[in-house]
Amino acid sequence: MSNISRDDVANLAKLARIDMSADELDHLSNELSVILDAVARVQEVAAADVPPTSHPLPLKNVFREDEVRPSLTPEESLSGAPASEEQRFKVPQILGEEQ
Amino acid sequence: MALKYEDVIAKYEPVLGLEVHVELGTESKMFCGCNTVFGAAPNTQTCPVCLGLPGSLPVVNGKAIEYTIAIGLALNCSIAPFSRFARKNYFYPDMPKNFQTSQYDEPICVNGYLDVTIETEEGPKDFRIEIERVHMEEDTGKSLHMGGATGRIHGADYSLLDYNRAGIPLVEIVTKVVTGTGKYAPEVARAYVSELRDILRGLGVSDVKMEQGSLRCDANVSLRPIGVEKLGTRSETKNVNSLRSVERAVRGEMIRHAELLNKGEKVIQETRHFHEDTGLTTPGRSKEQAEDYRYFPEPDLVPVAPSIEMIEKIRASLPEKPSVRRKKLQEAWQVPDKEMAAMVNADVLDQVEATVKLGTDPTRARGWWLGEIARIANEKGVSAGELPINASDVAEIVGLIEKGELTDKLARQVVEGVINGEGKPAEIIKNRGIQVVSDDSSLMAAIEKAIAAQPDVAEKVRGGHVPAAGALIGAVMKETKGQADAAKVRELLLKHLGQA
Amino acid sequence: MIKSSATQMAAALAKGEVSSLELTQLHLDQISKVDSQVNAFLFVDTEGALEQAKQVDAKRQKGEKLSPLAGVPLALKDVMTQKGVPTTCGSKMLEGWRPPYDSTVVTRLKENGVVILGKTNMDEFAMGSSTENSAYGPTHNPWDLTRIPGGSGGGSSAALAAFEAPLAIGTDTGGSIRQPAAVTGTVGVKPTYGGVSRYGLVAFSSSLDQAGPCARTVLDAAYLHEAIGGYDKLDSTSINAPIPPVVAAAKDGNVKGMKIGVIKELQGDGYQPGVLELFNQSLELLAAQGAEIVEVSCKYFDYALAAYYLIAPSECSSNLARFDAMRYGIRVGEGSAEEVMNKTRQVGFGREVKRRIILGTYALSSGYYDAYYGSAQKVRTLISRDFENAFQQADVLVSPTAPTTAFKIGEKANDPIAMYLNDIATIPTNLAGIGGMSLPSGLAKEDGLPAGFQIMAPAMQDDRMYKAGAALEAALLTKWGKPILDSAPVLGAK
Ligand SMILES: [Zn+2]
């Protein structure tokens, strides 16, 4: 039985940047435990000699030419912005720091 | 009281790790066709892809792959027959998709090295810096922090985002652990970045302007007591944006670590920010709060598997190595080792070469770049290449000296004028009213005035004591405010006093 | 007229029996009449559609050469961007967002003169099998308004079944085109992965998502497939090869000598008896036309659902990270950027989306990657090998599309695992990247509701499923004497 605690879910929610109420955390930790039990079955057949498939197509080397193509206009780029100023996206204060 | 560097290296061995990010000089971005020109109006070089709009998809710029392979080859790396992009997941507002398309366990180039030479009091010393990997990723947007303390992230009320830079191709070059540099660690770090920059410039893959951020260095530093095998805890200093700063940052971190260790305290594994003004670092994000990046293969892109033919074609087109080029220049210019090293150190080799190409005598070209210009650069705390004076200015000035239209002293004024942004040499000469007084009659008037003022000296000269003329020449030069050609004054004076 | 097939409408347009403007207006009228009951549409672009129709009529008048579907109306799943037209993906997160660009599918529809009526309802970000997860209310199945129309593309399939549009665009990550088709008595095709551009398709799970045609007949689907398919240089995972000859195959419809493989693992326990009965009757009809029926085994299919529910959430946790209230979409709350992101994502995403994001975040996190995501990728390999072996023995593979007919709205809303089981037969094709089609097999004896017959073909052999599908469709039409949708209740007679 996989056991995803409430704290585990809280940590995951933090990583995924989603606020969650106490109720949501409780609910999800129960559901996730059940779901993880079901999906953990993949380990039964994932033998070392089976290569992983990350993509259904065997494509490789898909490149484009280094050519400048028209951009959107700044009006179009900013058209969906919740707020903008000086032709820039206006966002609340950023507390963390750049990576 | 800060610990002395001598005391640090007497007790500890520094271990380095250097990560250099280079913005590639492609015409278009890494995954879309937006322009990459520096300094465009905000958000004018953005599209659904580099804004990460829902539904948009990336397509790799083939040129960026070629450039990366060229860098790998120039750094003696193996080129992976199969490599992939991966998503590095973390949230940050300047990153439109909240993941960076990067490479993780399958980079394009691995296992290379770069040899560097530094000048020491015991003569030149060689070091081999081993390269772990060269991989591709994309740059982020830029944020302006508004309100509160100006421009700083802390205390800002809000931020404004410009995504013109988002999606510009970046190459990250990561060294293996660098040991064995001993007390030369700061110089080796600087020499490595300098050599790398020359290589990248030679390849033509980037404009490598550290001041504009197209080449950025993160320096990892740790100390271990001499004789101890186990590595110490490292700090990762970001924002190191000039060669000089690389050296200062490494030295500064070595001292800071040693102070902590001497006190029996622990070095914290964290990122640090380097401040150009103080030369010190301040703490950033500690690794305890480090994100779990949840890397996985980028499903929107297909693998890169360069053929042998493609790799060999790129290899064949590589330009000569900077070290080879330096040797050639040194022979052509007949420069002693020490002078050559001085030029490399002052980072003026390109400028001297360009000046010589314009027809200037190599010794004169070197003299100016290594002399007056380097002096001003030093005063301003920048490199000579960052000053607003170029090879054609210097060639023009040297030409005027040779024609006798400028004296060395006047020429220095012109150099200063160019650097102050007063215009091209010809304009400065005109605007400042600089001219060599070579008109015989006005010179003669000054000479006669000098003789009248010091008749006894004049008498000595007349009597054959030529060296005494110096005092009279000095007076003439003073009278003409330095605009006279001293040789000409001497000639006229001696003739006048019957000694020519 | 609105009950005709798209092919018939196109013929009428070509002959001048009707104008595109008239045809479009007829459909807009039907939408106003029935959509308050069905809720298939999230946005009806009345002006835009009429304008497009006028343009096609003008071109036809001038004698310009037009593509086969020119002037025929279509319903677009709200997961596809259309410049200036609201695109919500059924999420509150994107309420009011009007994308500044067209998806490649929309570009091609416009090039073909197909008239886009509006955007159809869906499970939020295509996550679901019932369209109950839409932030804008569920879509109702025209066969029984108390039942689900399938999902995630329930809006598109319901629009077809309610005669609000003769054609629709769907997207299929684990069955979102085929399962809705099955439970609404319509046709839905998931082409080979890479066969239709994903550019402008708001990603749920990038390595599984595939856009495709939804229609009321196999031939209509084939025409739409040809209109939207083919290489697109804006999508790195698009296949640079000609579209398989699907229209020709649908017109041919000859299965003589074709080997049809019945997948042993996709029947039996968990399948509704009436659904299985219809499936077997369909096999008999195909055999009667000269097809050879063989049984094949795909033993790793048992693990497909588990692998899918690791891969899709993992990719979605990353794909949906961009919805952060900074550049587009809604913004909720006060404080720092981080606080606003956290709050907006709490309010903007629904329960199922959050569940999958958290599951995916877990599956990708360090320490768990190999056990979950890594293992799921290996299962993907095993499933592809199963298909390869099976296609050595058969030209196409078949199964019921979904284990049951449409269930009641709300019936499985609180049991995610039961809900996930709906996709058990459709998911393997997504994992392997091959094509799959669902077409009606009849009405189940228990409840009189439509069931689906699934045909799968090897990658880039999509024409095979159109050939087999057309053969079965023709045989069933002969048997029933009328299209299946003629048996659906008439809506709007409230
Ligand atoms: Zn762009």
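Reader: How far apart do the C-alpha centres of domain 2 and domain 3 of chain B lie?
Author: They lie 32 Å apart. Keep in mind that this is a predicted model.

Reader: Where do the domains of chain B run?
Author: Domain 1 covers 5-314, domain 2 covers 322-431 and domain 3 covers 440-496.

Reader: What does chain B span along its principal axes?
Author: Its C-alpha trace spans about 95 × 55 × 55 Å.

Reader: And how many helices and strands does chain B have?
Author: Chain B has 16 helices and 15 strands.

Reader: What share of chain B counts as buried?
Author: 56% of its 500 residues.

Reader: What about contacts in chain B that join residues at least 24 apart?
Author: They make up 68% of the contacts between residues at least 6 apart in sequence.

Reader: Let's pick a helix. Which residues of α14 in chain B are buried?
Author: Val457(B), Ala458(B) and Val461(B) are buried, in a helix that covers residues 455-462. They sit on the same side of α14(B), because they cover an arc of only 100° around the axis.

Reader: Why would residues a few places apart point the same way?
Author: An α-helix has 3.6 residues a turn, so residues three or four places apart point the same way.

Reader: What do the buried residues of α14(B) pack against?
Author: Three helices of chain B: α13 (440-453), α15 (469-479) and α16 (486-496).

Reader: Which exposed residues are on the face turned away from the buried side of α14(B)?
Author: Asp456(B) and Lys460(B).

Reader: Which residue with positive phi follows α14(B)?
Author: Gly464(B), with phi near 100°.

Reader: Where do Asn43(B) and Asn76(B) come in?
Author: Phi of Asn43(B) is positive too, near 60°, and this residue is not a glycine. Asn43(B) is in the loop between β1 (12-23) and β2 (60-61) of chain B. Phi of Asn76(B) is also near 60°, again in a residue other than glycine. Asn76(B) is in the loop between α2 (62-74) and β3 (78-79) of chain B.

Reader: Is each of them buried or partly exposed?
Author: Asn43(B) is buried, with a relative accessible area of 0%. Asn76(B) counts as partly exposed, at 25% relative accessibility.

Reader: New topic, pockets. What volume does the second largest pocket have?
Author: About 1000 Å³.

Reader: How many residues line it, and which lie nearest its centre?
Author: The lining has 34 residues. Nearest the centre of the pocket lie Thr117(B), Ile118(B), Glu119(B), Arg326(B) and Val344(B).

Reader: How does that lining divide into nonpolar, polar and charged?
Author: There are 16 nonpolar residues, six polar and 12 charged in the lining of the second largest pocket.

Reader: Which domains of chain B does the lining draw on?
Author: Domain 1 (5-314) and domain 2 (322-431) each give at least three residues to the lining of the second largest pocket.

Reader: Okay, Ser235(B). Where does it lie?
Author: Ser235(B) lies in strand β12 of chain B, residues 235-240. Ser235(B) counts as buried, at 0% relative accessibility.

Reader: What is Ser235(B) in contact with, beyond its neighbours in sequence?
Author: Leaving aside residues within four places, its contacts include Ala219(B), Asn220(B), Glu253(B), Arg256(B) and Glu270(B).

Reader: How far is Ser235(B) from Leu223(B)?
Author: Their C-alpha atoms are separated by 10.0 Å, and the two are 12 residues apart along the chain.

Reader: Last one, chain C. Which peptide bond is cis?
Author: The bond from Gly151(C) to Ser152(C), with omega near 5°. Ser152(C) is in the loop between β3 (115-120) and α5 (154-161) of chain C.

Terms used:
Residues numbered from 1 in each chain as written. Chains lettered and ligands numbered in written order. Predicted model: local features only at pLDDT ≥ 70, side-chain atom pairs only at ≥ 80, totals over all residues. Heavy atoms only, no water. Buried < 20%, exposed > 50% of the residue type's maximum accessible area, 1.4 Å probe, protein only. Helix = DSSP H or I, 4+ residues; strand = E, 2+ residues; numbered from the N terminus. Arc of directions from axis to C-beta. Contact = heavy atoms within 4.5 Å. 1 Å grid on protein atoms, 1.4 Å probe; cavity = no way out; pocket = protein on both sides within 12 Å on 5 of 7 lines; lining within 4 Å. Points joined across faces, edges and corners; volume = space filled by probe spheres on them. Nonpolar A, V, L, I, M, F, W, Y, C, P; charged D, E, K, R; others polar. Domains from an automatic or database assignment.
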